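Please keep the 3D view open as you read.

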Amino acid sequence: MKVAVGQFAVSNDWQENVQTCIGLMERAKNAGAHLLVLPEAVLARDDNDPDLSVKSAQTVNEAFIEPLCEQSRHDQMTTILTLHIKTTPGRAANTLLAIRDGEVIARYQKLHLYDAFNVQESRLVDAGESMPPLIDVAGFKVGLMTCYDVRFPEMALSLALAGADVLVLPAAWLRGPNKEMHWATLLAARALDTTCYVVAAGECGNKNIGHSQVVDPLGVVVAAANQRPALIYAELESQHLADVRAMLPVLKNRRFASPQLL
């Protein structure tokens, strides 16, 4: 399976961000990608207004999603991103959407809200209450995660035990001391914990690090971006996945019970 990972600096104009997403979808389609992963919270962002993503929230049937669904009718590809979707007045859900063949085929409301490093995402965002589904893409089972979820190995393990071969992670990873190191270490760790491929898209810009990566089941980075807008590609190989899991059968060797969502 060929995967594409697009990173860009989300602007404060949702219409501009729609066109950026469509442009990345078009480029990934032309390159023959089966899966495109875009960053977290691509609806709108403003360095001077941390609440803009929630203020700009739409419903899943509103103007941001419609042109992306229309684009997906023509590209034979699955596109994954996250948006803020309206819940109650003044609040939203940070929602991952998987788009294919003109429709939203799966959604996941972020479980682990980023209440850390002096940020409180839960102030305006409602946490999810259920695990995400697995989706089928080009013969691979794909598990869905969002940003801060990567710090919780139980979630990645739960997806792997459910059958995931690939973990996708849209993110907007804030800059800060050692944060690039945290990001890279956690992506590799989740790949090694689960012997899954990890496909992570990071928003870039003034506040977020970018550094999108594709990591193989042995924790090896097979494609990576820096801090600038980019579209990177990698080939995920089912035989390599099978070989790694035969050589390193951590999912079979574990001695602990399966994790459960509280």
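A cavity here is a set of points, on a 1 Å grid over the protein atoms alone, where a 1.4 Å probe fits but cannot get out, and lining residues have an atom within 4 Å of a point. You are looking at a predicted model, in which local features need pLDDT of at least 70, side-chain atom pairs count only at pLDDT 80 or more, and totals for chains, interfaces and linings use all residues. Residues are numbered from 1 along each chain as its sequence is written, and side-chain values use heavy atoms, with hydrogens and water left out.

**Inside**

The search of the whole structure turns up one cavity of 30 Å³ or more. The largest cavity holds about 30 Å³ of space, a volume being the space filled by probe spheres set on grid points that are joined across faces, edges and corners. Its lining is made of Met145, Val150, Leu167, Leu169, Leu187, Arg190 and Val198. By type, six of the lining residues are nonpolar, none is polar and one is charged; in this scheme Ala, Val, Leu, Ile, Met, Phe, Trp, Tyr, Cys and Pro count as nonpolar, Asp, Glu, Lys and Arg as charged, and the others, Gly among them, as polar. Strand 10 (166–171) and helix 5 (179–194) each give at least two residues to the lining of the largest cavity. Helices (H or I, at least four residues) and strands (E, at least two) are DSSP runs, numbered from the N terminus.

**On the surface**

Which residues form a nonpolar patch on the surface? They are Leu192, Leu218, Val220, Val222 and Met247, with about 420 Å² of accessible area together. Patch members have over 30% relative accessible area and no salt bridge, with nonpolar side chains (Val, Leu, Ile, Met, Phe, Trp, Tyr) joined within 5 Å and like charges within 9 Å. The areas come from the Shrake-Rupley method with a 1.4 Å probe, and for residues only the protein chains shown count as cover.

Valine 220 sits in the loop between strand 12 (213–215) and strand 13 (221–224). Valine 220 counts as partly exposed because its relative accessibility is 42%, where buried means under 20% relative accessible area, exposed over 50%, and partly exposed in between (1.4 Å probe, protein chains only).

**Two backbone angles**

Most residues other than glycine have a negative phi. Glutamine 76, in the loop between helix 3 (65–72) and strand 3 (78–86), has a positive phi near 55°. At 64% relative accessibility, glutamine 76 is exposed. Aspartate 101 also has a positive phi, near 55°, and belongs to the loop between strand 4 (92–100) and strand 5 (103–109). With a relative accessible area of 47%, aspartate 101 is partly exposed.

**Charged pairs**

Twelve salt bridges are found in the whole structure, each being a side-chain nitrogen of Lys or Arg within 4 Å of a carboxyl oxygen of Asp or Glu. Three of them are listed here.

| Salt bridge | Closest N to O distance |
|---|---|
| Lysine 55 and aspartate 49 | 3.0 Å |
| Glutamate 62 and lysine 86 | 3.5 Å |

Glutamate 62 is partly exposed at 29% relative accessible area, and lysine 86 is partly exposed at 47%. Lysine 55 counts as exposed, at 58% relative accessibility.

Definitions and conventions:
1 Å grid on protein atoms, 1.4 Å probe; cavity = no way out; pocket = protein on both sides within 12 Å on 5 of 7 lines; lining within 4 Å.
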